[in-house]
Amino acid sequence: MTRLSLLILKLLLILIFAGWVSLWVLKPTEFWTRKWKGVEVKASTTAFGYNGLDFVVFTFPLIVLSILGFIYLELRRGEPRNRLGRTTPFTALSSPLLVNRYIGILSGAQILTSSLFIMLIVWTFYVRVSNDLKKMTPLKSFQLSPWQYKLFRMATRCGLLSEACLALMLFPVLRGMSIFRFLGIQFEASIKYHVWLGSAMILFTTLHGGGTIFIWGIKHRIQDEMWKWQKKGRIYLAGEIALATASAMALTALPQIRRKWFQVFYYTHHLYVVFILFFLFHGGDRHFYTVFPGVFLFALDKLLRVVQSRPETCILSARVFPSKAIELTLPKDPRLKYTPTSVIFLNIPSISKLQWHPFSITSSSSVDEHSISVIVKSEGQWTSSLLSKITHAEEQDSEANQRRCIPVAVEGPYGPASMELLRYNNLLLVAGGIGVTPFLSILRELSCSSSNGRNAYPDRIHLIYTIKKSQDVCLLDPILPLLLDIKQFHTKLNVFVTRENQIGMTLRDVLNDVPEAQTTTFSTAGTTYAVHGPERLAWMAAVTAISSVMFLVSLVVFNHFVITPAAAQKNPSSQTDLLLVCSFAIAIIFAAIMAITLRWKRVTNKLQLFSDKQTKTVKQSSLEASRDLDEHEIHFGGRPIFQDLISSFARETGGSNIGVFVCGPQGMKESVALACRQPQVSQRNVKGKKPNFSFHSLSFTL
């Protein structure tokens, strides 16, 4: 019954999405313009109003997609977590087809989707400009020549292209909403789509504004037109403010600025509120309803995340490794379950009340029922402040041998809806530096599954770990029990130390030489709350549905009591825009009341006492006694040759289904992707089987 329901929901989602895309294809045509104007005129005479019609047609389909997506993911979560089967032609689209140092790694699905979007952009621009030129009537006030008129219309139509980019730009940054989660694309991987769409929007917006100002300059009308705040139609000043704020956000988002001055990027990016508001005033409510789905769902997502992060919890313990990495352990509600490779966002008010930073979870909810752990590498200003805070607390004396509580707010976990890695018979995990953290949760989850016999354990697991210094190998401490028992867990490790050259050293020698991590335990007297995670998906679907209905009801009320058909002709267009903002605010306030009520009903369990066994490391005697540790390899003075390693792993596995997961620098990801595509690696073995590689790129930074 569940599978039938999932199939019906999936078909329904596909039909709704196809209908929404059809609207974008038809919208530029003269046929749509004629028919739609007639429908809007009829709707204007009703309490529903033309704006209610625009909301239902342009906005509501994507909100329905989100609601049904929540229901789909909730039903899918109830399915047994077993081997999902072999890859299909559709999953093969996720394999890299294009690897380039400038573009990055592009899969078949990304190339196909990008091509379709570019075709939609070209189609919209061509049809709009063609229709404009067929009825070319130069503006009387400007007295434009034919070439000036053509340039002016093309600049105007570039504004519609930026509108199309903005309509999709906010969906990739939704953390809790289901649009991208339904497609199996996680938040940290979808950020690049936000960057692509944002870059395209800035390009089209600049062409739109620059072309318009250029025509004003030719006609010596810049001073007359630039400062206009018209009562009807396009408000030029609002468009200029929107362009200025968008340019500021784009400039500070450049990698060179974002990485060096993250706080400048972070705070400047909050100008999106100003940008969206003045985009509404400039484009008008009719154009705004096409981009409103992303704005509405983003606001709900932001609201639910704020509510979810309250009340604050505390850090139970912190282990400081010799490599200046810190393992933080937080209390968790035993009912909270998450999948490997999930991430959480942390905010420590004593360091910064506004900054949130994502970290991969290193623990497993199947192993650690009452705690959740992440590893933080001290590199930037925020993480360095955290290390200093913990080190300072460790140096303080305390009678109870416990330090004062460090409050922390938590968002998440956010992760895949299912155990995607169970699809593969064999796993090849490639990590660089702190990029090993997602694989710690994978291996711990799989070890628990193997011990309990719940899931089909992979036949072979090969972890390739590249580090700069040998002391960085200490980050493997959480999975040492797996490495000490190869027969049970089938896990092979290859470590490559790139900046040291120690002849004759084994992995056992390196582990023995690495100093033990220093553990600091903190008091929990300051809070009684644990990490509870997001609300149930069914409740999130209900909040989304009810708040969208409240928005529509508010619009109907305003249409009936505030904007009468007679007054609509006299009132400024910005008044209608403000009423849309008021309806939006009412819907969000109503959603906030529901979310807060649900949250406080859920947060009822007291904080569970922390067990010391959760922070204990593998004892030195275990390292000495284990012979399996000698089966693992460590290499000094060079980087791994991925083509040879992957080819060797393919021969060992007998040409079966291999899942390749990579987390590390972009250059490492590109090297592994290229190696998987080499003909030598994909050769058939003696049994005639050809290895099937499924490439997955994981991110530990945004």
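**Cysteines.** I looked up Cys-165 to begin with: it is buried, at a relative accessible area of 0%. By buried I mean under 20% relative accessible area, with exposed over 50% and partly exposed in between (1.4 Å probe, protein chains only). Cys-676 is buried too, at 8% relative accessibility. I then counted disulfides, taking a pair of cysteine sulfur atoms within 2.5 Å as one, and got zero.

**Ground rules.** I am working on a predicted model, where local features need pLDDT of at least 70 and side-chain atom pairs count only at pLDDT 80 or more, while totals for chains, interfaces and linings use all residues. Residues are numbered from 1 along each chain as its sequence is written, and side-chain values use heavy atoms, leaving out hydrogens and water.

**Salt bridges.** My criterion is a side-chain nitrogen of Lys or Arg within 4 Å of a carboxyl oxygen of Asp or Glu. That gave me 16 salt bridges in the structure.

I checked Glu-163 with Lys-27, whose closest N and O atoms are 3.5 Å apart. Glu-163 sits in helix α6 (146-169) and Lys-27 in the loop between α1 and α2, so this pair ties together parts 136 residues apart in sequence. Helices (H or I, at least four residues) and strands (E, at least two) are DSSP runs, numbered from the N terminus. Both Glu-163 and Lys-27 are buried.

Next came Glu-633 and Lys-492, with closest N and O atoms 4.0 Å apart. This pair links strand β14 to strand β12, 141 residues apart. Glu-633 is partly exposed at 33%, and Lys-492 is partly exposed at 29%.
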